[in-house]
Amino acid sequence: MNVETSYSGSTAVAVVDGRVDSANAKDFDEELSAIIDRGVSSLVVDCGGLNYISSAGLRVFLIAIRKTNEAGGGLALCAVPDHIREVLEVSGFVRLTKVFATADEAQASFSG
Amino acid sequence: MDVKLEMEVGLGRDEPRRAVERFERFANAHELPMGLVFKFQLALDELLTNVVSYAFDEDEPNPVITVGLRLTDAQLEAVLQDNGRPFNPLLDAPEPDLGLSAEDRRVGGLGIHLTKAFVHGLNYERVDGWNRLNLVQPL
């Protein structure tokens with residue numbers, strides 16, 4: 001798992017790739033928390049390179065959703081591969097966070 | 001076709017991943033469909049993560065976790081066994097309420113929820129001090 005982040009004011013796009021599971025969910029949580037702690041309230045997670053996520057990774061998304069909601073923004077996902085999308089659907093996460101095709105669309109949703 | 005793979009799983013944080021990546025190589029070597037491999041892998045991961053995290057006391061003298069895989073023309077099967085405390089994840093795990101807001105949602109039970117959604121046949125039994133979970137996916 002690797003996270004690369006670009007910042008634009010209180011918005012950030014974090015591109016995550018690889019696997020997120022119980023072995024590294026804590027690291028993923030620390031990565032996203034560090035981004036939010038820099039004053040980011042609207043966070044886009046680009047899942048284009050994410051090839052695996054278990055419930056341990058969903059837990060990290062849930063924490064980030066709560067933190068960004070609390071900060072008056074939110075969390076959005078983009079470029080989600082089909083098999084990851086199915087995990088989001090089955091787990092009800094599509095109700096908790098919006099899913100966009102591209103990072104630009106996700107970012108635009110915050111400025112509206 | 002009738003091929004088998006047996007493995008032992010330790011109690012480390014990385015052990016479920018090591019096991020499911022071995023399963024993935026086994027499945028890919030036999031050209032199983034990617035979608036099926038992903039779902040079965042996720043189920044194994046969730047169940048093993050539960051066992052590694054909760055089945056044993058810290059001073060458990062001889063914790064054993066095994067995974068047996070069997071692939072035939074008709075189905076993919078896995079048997080997970082551990083000698084930890086009795087726990088039936090199919091009944092004892094809390095059912096998540098997917099209608100709640102992010103603020104009220106709990107993540108407990110989500111792994112089992114995904115497992116039930118992604119694997120066709122799941123069965124639990126307690127046999128001679130062992131938890132035994134059986135996963136069956138028709139091909």
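**Entry 1**

I looked up B:D57 and found it partly exposed, at 46% relative accessibility. Buried here stands for under 20% relative accessible area, exposed for over 50%, and partly exposed for what lies in between, with a 1.4 Å probe and protein chains only. The model is predicted, so I noted that local features need pLDDT of at least 70 and side-chain atom pairs count only at pLDDT 80 or more, while totals for chains, interfaces and linings use all residues. Residues are numbered from 1 along each chain as its sequence is written, chains are lettered from A and ligands numbered from 1 in the order in which they are written, and side-chain values use heavy atoms, with hydrogens and water left out.

I then asked which residue B:D57 meets in a salt bridge. It is B:R85, at 2.4 Å from N to O. A salt bridge is a side-chain nitrogen of Lys or Arg within 4 Å of a carboxyl oxygen of Asp or Glu. The two residues are 28 residues apart and link distant parts of the chain: B:D57 is in the loop between α2 and β2 (65-72) of chain B, and B:R85 is in the loop between β3 (75-82) and α3 (89-92). Helices (H or I, at least four residues) and strands (E, at least two) are DSSP runs, numbered from the N terminus. B:R85 is partly exposed, with a relative accessible area of 39%.

**Entry 1: other salt bridges**

I searched the whole structure and got eleven salt bridges over all chains. One joins B:R18 and B:E15, at 3.1 Å from N to O. Both residues lie in helix α1 of chain B, three residues apart, about one turn of the helix. B:R18 is partly exposed, at 38% relative accessible area, whereas B:E15 is buried, at 17%.

I also found B:R132 in a salt bridge with B:E125, where the closest N and O atoms are 3.3 Å apart. B:R132 counts as partly exposed at 29% relative accessibility, and B:E125 is partly exposed at 34%. A network of salt bridges links A:R19, A:D21, B:R17 and B:E21.

**Entry 2: where chain A meets chain B**

I noted that 27 residues of chain A and 28 residues of chain B take part in the contact; contact means heavy atoms within 4.5 Å. The size of an interface is often given as the accessible area lost when the parts come together. Here the buried area is about 2300 Å², and carbon and sulfur atoms give 56% of that area. Buried area is the accessible area (1.4 Å probe) that two parts lose on being put together, summed over both.

How many salt bridges does the rule find across the interface of chain A and chain B? I got three. B:K39 forms a salt bridge with A:E86, with 2.9 Å between the closest N and O atoms.

On the side of chain A that touches chain B, α1 (25-37), β3 (42-53), α2 (55-70) and α3 (82-90) each supply at least two residues. With seven residues, α2(A) gives the most.

I checked phi for B:E31 and found it near 55 degrees, a positive value in a residue other than glycine. B:E31 is in the loop between α1 (15-29) and α2 (34-54) of chain B, and is exposed at 71% relative accessible area. B:D128 has phi near 50 degrees, again positive in a residue other than glycine. B:D128 sits in the loop between β4 (121-127) and β5 of chain B, and counts as exposed at 76% relative accessibility.

B:N134 lies in strand β5 (residues 130-138) of chain B. The side chain of B:N134 makes a polar contact with that of B:E77, at 3.1 Å.

**Entry 3: the chains as wholes**

Chain A has four helices and five strands, in the order β-β-α-β-α-β-α-β-α along the sequence. Chain B has four helices and five strands, and I read its order from the N terminus as β-α-α-β-β-α-α-β-β. Of the 112 residues in chain A, 53% are buried; of the 139 residues of chain B, 50% count as buried.

Conventions. A polar contact is a pair of N or O atoms within 3.5 Å; within protein, one must be able to donate a hydrogen and the other to accept it, and residues adjacent in sequence count only if both atoms are side-chain atoms.
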